[in-house]
Amino acid sequence: MSKKDATKKTFDNILLTLEETQEKVGYLPAEFMVELADSLDVPVSDVYGVASFYSFLATRPPGRNVIRICKSLPCHLKDGQTIIDTIEKEIGVKPGRTTPDGRFSFELTNCIGLCDGAPAMLINHNVHVDLTPGKIASILDKYK
Ligand code: FES
């Protein structure tokens, strides 16, 4: 096996194991990432690098509700930044954070396939499209 193939196989193993653990545990505890790095004989930074690259993988315990708002160009061109700013103001934390009461985690993500309804976001598995600043408070009220 070439070095390039071996590197790809290691990357695939890391990603698969991280996805499985995320599914079971809900996030990726630091101790788990250290153990995985040891078992694959790779630096912890390699495992953490994969875990932190993908927005669907969480390196901290998530809030009860996870807001994933699209930051890609079609949503951005439909004033997506105003929606991001409105959510930040409503819940009091910046993207990448969880509210102190654990009610919301707030994440920016790349296109979620809802460009026809830009600007768009997911809260947990629920789709919210054609967002305007005036809609945000009532949408968030549905999530306790
Ligand atoms: S660009 Fe935002 S959902 Fe596709």
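**Before you start**

Residues are numbered from 1 along each chain as its sequence is written. The model is predicted: local features need pLDDT of at least 70, side-chain atom pairs count only at pLDDT 80 or more, and totals for chains, interfaces and linings use all residues.

**The whole chain**

Show the protein chain as a cartoon; there are 6 helices and 5 strands. Helices (H or I, at least four residues) and strands (E, at least two) are DSSP runs, numbered from the N terminus. Along the sequence, the pattern reads α-α-α-β-α-α-β-β-β-β-α. The C-alpha atoms fill a box of roughly 55 × 30 × 20 Å along the principal axes.

Next, colour residues 3-53 as domain 1 and 65-141 as domain 2; these bounds come from an automatic or database domain assignment. The C-alpha centres of the two domains lie 28 Å apart.

**Stop 1: helices α1 and α2**

Select 3-25 for α1 and 30-40 for α2: they pack at about 150 degrees, with their axes 11 Å apart. Axes are lines fitted to C-alpha atoms, for helices over the stretch in contact, and angles run from 0 to 180 degrees between N-to-C directions. α1 and α2 are therefore roughly antiparallel (under 35 degrees counts as roughly parallel, over 145 as roughly antiparallel, 65 to 115 as roughly perpendicular and the rest as oblique).

Now show the side chains of T10, N13, I14, T17 and T21 on α1, and F32, L36 and L40 on α2, which make the contact (C-beta atoms, placed from the backbone, within 7 Å). This contact has 4 nonpolar, 4 polar and no charged residues (Ala, Val, Leu, Ile, Met, Phe, Trp, Tyr, Cys and Pro count as nonpolar, Asp, Glu, Lys and Arg as charged, and the others, Gly among them, as polar).

**Stop 2: the sheet**

Turn to the open sheet of 5 strands, ordered β2-β3-β1-β4-β5 with mixed pairing. Strands pair if DSSP finds at least two bridges between them. Select β2 (97-98) and β5 (126-128): each stands at an edge with a single partner strand, so one side of each has no neighbour in the sheet. β2 pairs with β3 (104-109) in the antiparallel sense over 2 bridges, and F106 of β3 is the bridge partner of R97. Helix α5 packs on the sheet, touching β1 (65-70) and β3.

**Stop 3: helices α5 and α6**

Finally, select 80-91 for α5 and 133-141 for α6, which pack at about 40 degrees with axes 9 Å apart. They are therefore oblique to each other. Residues in the contact include I83 and I87 of α5 and I136 and L140 of α6.

Conventions:
Two residues are in contact if their C-beta atoms, placed from the backbone, lie within 7 Å.
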